[in-house]
Amino acid sequence: MIRPARHAGPEAWRPELMRELAEALKHVDGPLLPILHSINDRFGYVDERAIPIVAEVLNISRADVHGVVSFYHDFRKAPPKRRVIKICRAEACQSMGGDELYDEVSKACGAGSDVTVEAVYCLGNCALSPVALVDGKIHGRLDTEQALALVRS
Amino acid sequence: MTMRIYVPGDAAAVSVGADDVARAIEAVIAAGKRDATIVRTGSRGMFWLEPLVEFDSADGRVGFGPVKVSDVKALFAAAATHPRRLGLVENIPFLKSQQRVTFARCGIIDPLLLADYEQHGGLKGLRRALATAPGDIVQQVIDSGLRGRGGAGFPTGIKWRTVAGVQNDRKYIVCNADEGDSGTFADRMLMEGDPFLLIEGMAIAGLAVGATKGFIYIRSEYPHAFRQMGRALDVARAGKLLGPDVLGSGRTFDLEIRLGAGAYICGEETSLLESLEGKRGQVRPKPPLPALQGLFGQPTVINNVLSFAAVPTILAEGAAFYRDLGMGRSRGTMPIQLAGNVKHGGLIERAFGITLRDIVEGYGGGSFTGRPVRAVQVGGPLGAYWPTELFDTPFDYEAFAAKGGMIGHGGIVVFDDTVDLAKQARFALEFCAIESCGKCTPCRIGSTRGVETMDKIMRGERVVENIDLVRDLCEVLRDGSLCALGGLTPLPVLSALEHFPDDFTRDAAKAA
Ligand SMILES: Cc1cc2nc3c(=O)[nH]c(=O)nc-3n(C[C@H](O)[C@H](O)[C@H](O)COP(=O)(O)O)c2cc1C
Ligand code: SF4
Ligand code: FES
């Protein structure tokens, strides 16, 4: 799931907590995605070291868990930076300059910045384009200046 | 009496400051010790007016919008002459001329109050269904002419009949709330603004086919809707709309929600079922149909949010009420979503048959930028790009298909005359490459070849030959794909080529 405001940064990796998260959800129907979301949520990403633990808790193969982690765009391979902006790059936002917004914000938040810029394809706010989620909070009718102010606030 | 002030809690309204406005109103109420309370509603779907604040009055609800935090004090001091005053909300032409059936309550009621829902006509359909034989429920849905609103337009009642006809201990009701198409937001608005309607529709489906359990699969790009739907399920359980004794009938029906993980393909129904089971979202070959072997191998009804949400009205008002709206084989109303570069974007629910021109020029008022409208894409990323010459086409499944388009989930994205259709065609191929589930070679590899070829065209390299190559690739995609992601990507590409050929050849001169 997309995290709420997270200025403090994600939690540090802890195997015990990882197991706890997996155990807590192992009895729901189709538990793997809910577990991976819960890990991604808590740590900001799904660490390689989570895979054998989840596989063991669910009694499935590591390859299966790995296959699922790598299939979905949401599960990050590495921790995000302090702030996360997900900018919509789909058609309705394109029609209102969404590509330029994405390019300019990416350029301004390059190496050394504490902002992770990610592309998403539609946030369901296509009549108020361009749109972005900043630390999980939605913003419409954005321009580059506003977007940069938000991630630097 | 306590005055009620309505501020949308809808994600679109929040994206332009509705939460801040609600807080400012709260502060004024507290400071003046006024006898007023704020109700966070869904949105009316007039997004250019958001945040749209409404006050109760003797004549009805008076609207103000778009409201900024700095406007709030004057809302109380000088409401009658406030520059943002819009008059009675129901008289705003954009809303007044609509036929709100599915969205009759959205933006009006408190989305999380069952009593409010019932007072505005909710639960009537489910009560009827509880007193109706399952076969008759299915027959009413068939008779209504309702077709699936997720894109493919398959008759909903026929699907239900198949599931109802299978003998099995376990069956499932699954709601497809993946709403991945750019330009669409009706599912999201409904889940945030009238979530009990979806729950009621799914419960009726459960009674009709003999299922006691359902899942709602919501995309992760909708964190707001996911939270709201979760709260609504809790309220529904506490109010006995869900659980072991639905509305005191002794019948069981319960729901769980699940979150997607950022994969467009998981909107495709079999991929969605794989994902619900905790697997990679790869498309399953059909047969078997999900109706026979769906979730966890059991018979499953899978429908779009809007399909389920149309059902309570059909049960409450009768199949004829719904069927009498619309044209041809497109019966009932369609929640059309107008988006992109448009002055008045939002939700337009109308009976099928309204023309594209009435939507884009009438409701939409032209482009946001004020420049001429040059193209629209209807039906999401797999829909056709059309020029204004096709604007007299009525909104109807068959009329759109006859002209090489599709209405899909009802999204319309407007572009002004600065759009480059070669770039849009390139994007369609790129999107296919990014979102491919990887099962079919043309979709996985061919799409990337397509992007490279479009790059050459856009650089002016061997344009004629490369356009032919793109056409060939599209043919391979159309014929060699298991699902519509690969199979329909040619639609935006070839329609752009057909209607806007100059955008593809413009750069030929450069390289020559
Ligand atoms: C690539 C692809 C994406 C789709 N995305 C969605 C979606 O986001 N929501 C949806 O309801 N249907 C989507 N569909 C259609 C579903 O496969 C299916 O037809 C639908 O869920 C059936 O419900 P309905 O009959 O109520 O429309 C998609 C299909 C394809 C091929
Ligand atoms: S067409 Fe593409 S998305 Fe569809 S099944 Fe084939 S590879 Fe998967
Ligand atoms: S296309 Fe950007 S929010 Fe829908």
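The shell around ligand 1 divides into 5 nonpolar, 8 polar and 6 charged residues. Here Ala, Val, Leu, Ile, Met, Phe, Trp, Tyr, Cys and Pro count as nonpolar, Asp, Glu, Lys and Arg as charged, and the others, Gly among them, as polar.

A word on the source. This is a predicted model: local features need pLDDT of at least 70, side-chain atom pairs pLDDT 80 or more, while totals for chains, interfaces and linings use all residues. Residues are numbered from 1 along each chain, chains are lettered from A and ligands numbered from 1 as written, and side-chain values use heavy atoms, without hydrogens or water.

Back to the ligand. There are 19 residues around ligand 1 (a heavy atom within 4 Å). Among those that come nearest are Gly150(B) and Asn176(B).

Which element gives the largest share of the shell? Strand 9 of chain B, with 3 residues. Strand 9 covers 300-304, and helix 20, at 484-488, also supplies at least two. Helices (H or I, at least four residues) and strands (E, at least two) are DSSP runs, numbered from the N terminus.

Now the polar contacts, meaning N or O pairs within 3.5 Å. A polar side-chain atom of Ser307(B) is 2.6 Å from a ligand 1 oxygen. For the side chain of Asn303(B), the distance to an oxygen of ligand 1 is 2.8 Å. Gly180(B) uses a polar backbone atom, 3.3 Å from a ligand 1 oxygen. Taken alone, ligand 1 exposes 610 Å², and the protein buries 91% of that (Shrake-Rupley method, 1.4 Å probe).

Conventions. A polar contact is a pair of N or O atoms within 3.5 Å; within protein, one must be able to donate a hydrogen and the other to accept it, and residues adjacent in sequence count only if both atoms are side-chain atoms.
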